[in-house]
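Hi,

Here is the structure I promised to pass along.

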Amino acid sequence: MRVLVAEDEDVMADALARGLRRAGYATDVACDGGTALELAGLNRYDVVLLDRDLPVVHGDDVCRALVAAGSAARILMLTAAGGLDQKVDGFALGADDYLAKPFAFAELLARVQALARRTAPAQPPVLAAGDLRVDVARRTATRADRPVDLTLKEYGVLVELVRSGGAVVSAEDLLQRVWDENADPFTNAVRVTMVGLRRKLGDPPVIETLRGSGYRLVVR
């Protein structure tokens with residue numbers, strides 16, 4: 001899951017990004033509306049946290065542009081103005097949710113998780129493949145009813161593989177979906193993470209490597 005934080009207050013943006021990354025989301029940050037639109041054009045985001053009062057390009061115009069472009073990202077608008085009229089305006093622009101500042105991070109995280117489950121195509125709260133179960137609400141995984149203790153990156157990779165429905169997922173796609181814009185495209189992070197994930201999922205193996213193409217989940 002990948003999130004874009006469009007927030008011009010450095011302290012707020014840094015706090016949101018750190019919290020989201022600790023929760024397992026690949027997170028990019030844009031400090032103005034122009035950068036937010038540029039990043040949204042380059043990457044596929046599940047959720048955009050959009051401050052309404054952005055410089056360069058106003059948050060309202062960013063929201064309009066994302067909706068007009070057919071972006072699949074769910075938009076959570078953040079603003080200091082939490083009155084009913086402001087909320088109605090935000091929804092009219094195409095925002096999926098609206099949160100007034102100040103807010104508790106736990107509430108924001110819950111809203112992000114709910115919006116991420118609604119990305120197209122919509123995902124059920126529990127993903128299943130064979131004897132694998134991934135609870136995206138609780139961020140837990142089991143195999144044959146046995147809990148599997150995963151790191152955040154291992155969990156993120158497993159979610160992407162289960163969501164793919166057996167289709168091949170390239171290492172580049174995994175880097176984009178599970179890591180963020182700071183990831184080195186030449187890193188071996190995906191391979192190292194895959195080794196740990198395979199070991200923890202146990203036998204019989206359920207992840208197949210297609211040399212030169214990527215990885216896929218094979219369950220029987």
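This is a predicted model: local features need pLDDT of at least 70, side-chain atom pairs count only at pLDDT 80 or more; totals for chains, interfaces and linings use all residues.

The sulfur of C63 lies 19 Å from the closest cysteine sulfur, that of C31, which is too far for a bond. A disulfide is a covalent bond between the sulfur atoms of two cysteines, and the cut-off used here is a pair of sulfurs within 2.5 Å. By that rule the count is 0 disulfides, and C31 is in none.

Now for the overall fold. The protein chain has 8 helices and 11 strands. Its radius of gyration is 18 Å, close to the 17 Å that the globule rule gives for 220 residues, so the chain is as compact as a globular protein of that length. The C-alpha trace spans about 55 × 35 × 30 Å along its principal axes, and 45% of the 220 residues count as buried. Among contacts with a separation of 6 or more, 58% are between residues 24 or more positions apart.

Helix α6 (residues 152–163) packs with helix α8 (residues 189–201) at an angle of about 80°, their axes 9 Å apart, which makes α6 roughly perpendicular to α8. On the α6 side the contact is made by K153, E154, V157, L158 and L161, and on the α8 side by T193, M194, G196, L197, K200 and L201. These contact residues divide into 6 nonpolar, 2 polar and 3 charged.

Best wishes

Key:
Residues are numbered from 1 along each chain as its sequence is written. Side-chain values use heavy atoms; hydrogens and water are left out. Axes are lines fitted to C-alpha atoms, for helices over the stretch in contact, and angles run from 0 to 180 degrees between N-to-C directions. Helices (H or I, at least four residues) and strands (E, at least two) are DSSP runs, numbered from the N terminus. Angles under 35 degrees count as roughly parallel, over 145 as roughly antiparallel, 65 to 115 as roughly perpendicular and the rest as oblique. Contact means heavy atoms within 4.5 Å. Ala, Val, Leu, Ile, Met, Phe, Trp, Tyr, Cys and Pro count as nonpolar, Asp, Glu, Lys and Arg as charged, and the others, Gly among them, as polar. The radius of gyration is taken over C-alpha atoms; the globule rule is 2.2 Å times the number of residues to the power 0.38. Buried means under 20% relative accessible area, exposed over 50%, partly exposed in between (1.4 Å probe, protein chains only).
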